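Subject: Handover of a two-chain model

Hello,

The structure that I promised to pass on is below. My notes follow it.

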Amino acid sequence: MHGIFVAAIITTIISIILWGGILYWLSKGSKYFKFVLITVPFSAIVNLFIKKPVYELALYYFNISPKLNVSTPLFFLIFVLFLSPITEEAIKLLPLIVGRFRRFLSPYSALWIGFALGVGFGLGEIWYLAWNFSMVPEFAGYPFYYFTGFMSERMIVVFIHGVMTSVAVVNLLKGWKGGLFGYIYAVLLHALTNFGAFLYQIQFLDLTIASLYILIPVIVNALVFERLRKKILISQEVSETVYFSR
Amino acid sequence: METKVYFPRKSLGWFFLAIFVFLILFTAFSMIYLYLTTGILFFIIPSIVFFGIGFPSLIILFSLPNMKYVLGDENLIISCGFLKYIVPLSSIRKVSKRDLQISLWSSFRFPGLALFTVPYVDVGNVKMCATSASKGIILIESDSGLYGITPLDEDTFISDLMNRLRR
């Protein structure tokens, strides 16, 4: 078996234990796990049927070289930076168009439904990227431990996908204006997350610095997630036995 | 009133801490081994970091059996090895029991064990010396901060503390 697929299996198992564990532990149960399964194929769908054709069409229409660098027109670099966030954040919300899924939404469940949808998307993305890597001839003979960078980055990104979708879903409950705000918020978080890889792609940063950059979106997304959780917890009644107060 | 000593309820926190200490020290010694076999100085830096985390954690592991809550006339002393909080009874504003919501931020917290300052999503920072990370925590709010403990004989501890607070 190709090393990248072994790496993908390990990454998927650890991600499920880590982020599935967080989902199970913090949301107190497994009722949101079904939302994880829904979005697993969405990464391949959005990449193959939306992002790739749109990107190729834009390259052709504006007559731009596919080898991006700092001299590529700025408008096109902005287009590339926002192509993934705009399309991926939209498709992750797609299941909520279905009334059967939407009726599960409540001020408490929205955070966990969003998190589950994002985690599912992230798990699917591991396999979409592994499939892409498996077609690169240079990687053919590499054992799985050559892909530790892929494994650690993907594990983190699964969590980040969860947070970004949570932001959008929590705001959906505030009507269409809130929904739009949440979607834009998620798109900006996504663009921030991709920014390091984007700077590497246009040959502005080297790989080491671009890899270290992931720490920034991790901290920002963890802060956002904890803020959302705090809001929910404050709105809920807490069972507390007071023995003494003055 | 005489000084009374209360011990925490039992948990498997020591087991999870032992695994943590083993993994950290194993990694630290592996780094030293790599340095000795390859001569690459770079391996020294992570080994120092891992030893810096591993050895204090090992000391804490051995001091867990000494975790106790000493209730005197003037103070409540919460201690575990070199961790010691002195809470003057006159400074206590509220005593309650509740489950806490853990946060994603790093702290000295394992299933069945929480020590030092631990951030919680719902109540903020709590100075913990408890054999539970979130369930059934006795919270003591005082002028010097919020403390979290888990006495084994909870009813006796609470009634003893109430008697001293109401005097």
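How much area do chain A and chain B bury between them? The figure is about 2000 Å², and 60% of it lies on carbon and sulfur atoms; buried area is the accessible area (1.4 Å probe) that two parts lose on being put together, summed over both.

Before the rest, some conventions. This is a predicted model, in which local features need pLDDT of at least 70 and side-chain atom pairs count only at pLDDT 80 or more, while totals for chains, interfaces and linings use all residues. Residues are numbered from 1 along each chain as its sequence is written, chains are lettered from A and ligands numbered from 1 in the order in which they are written, and side-chain values use heavy atoms, with hydrogens and water left out.

The interface

Of chain A, 22 residues are in contact with 22 residues of chain B, contact meaning heavy atoms within 4.5 Å. Tyr243(A), Phe244(A) and Arg246(A) supply 36% of the area that chain A buries against chain B, more than any other three residues.

Between the chains there are 10 residue pairs in polar contact, both residues at pLDDT 80 or more. A polar contact is a pair of N or O atoms within 3.5 Å; within protein, one must be able to donate a hydrogen and the other to accept it, and residues adjacent in sequence count only if both atoms are side-chain atoms. Helix H1 (3-26), helix H10 (215-235) and strand E1 (240-245) of chain A each supply at least two residues of the side that touches chain B. H10(A) gives the largest share of that side, eight residues. Helices (H or I, at least four residues) and strands (E, at least two) are DSSP runs, numbered from the N terminus.

One salt bridge is found across the interface: Lys94(B) pairs with Glu240(A), with the closest N and O atoms 3.5 Å apart. The rule asks for a side-chain nitrogen of Lys or Arg within 4 Å of a carboxyl oxygen of Asp or Glu.

Strands

E1(A) also runs antiparallel to strand E5 (residues 92-98) of chain B, joined by five bridges; two strands pair if DSSP finds at least two bridges between them. In this pairing Ser245(A) stands opposite Lys94(B).

Within chain B, strand E2 (residues 68-71) and strand E3 (residues 75-80) pair in the antiparallel sense over four bridges. They form a hairpin with three residues between them, and Leu71(B) stands opposite Leu76(B) in E3(B).

Regards
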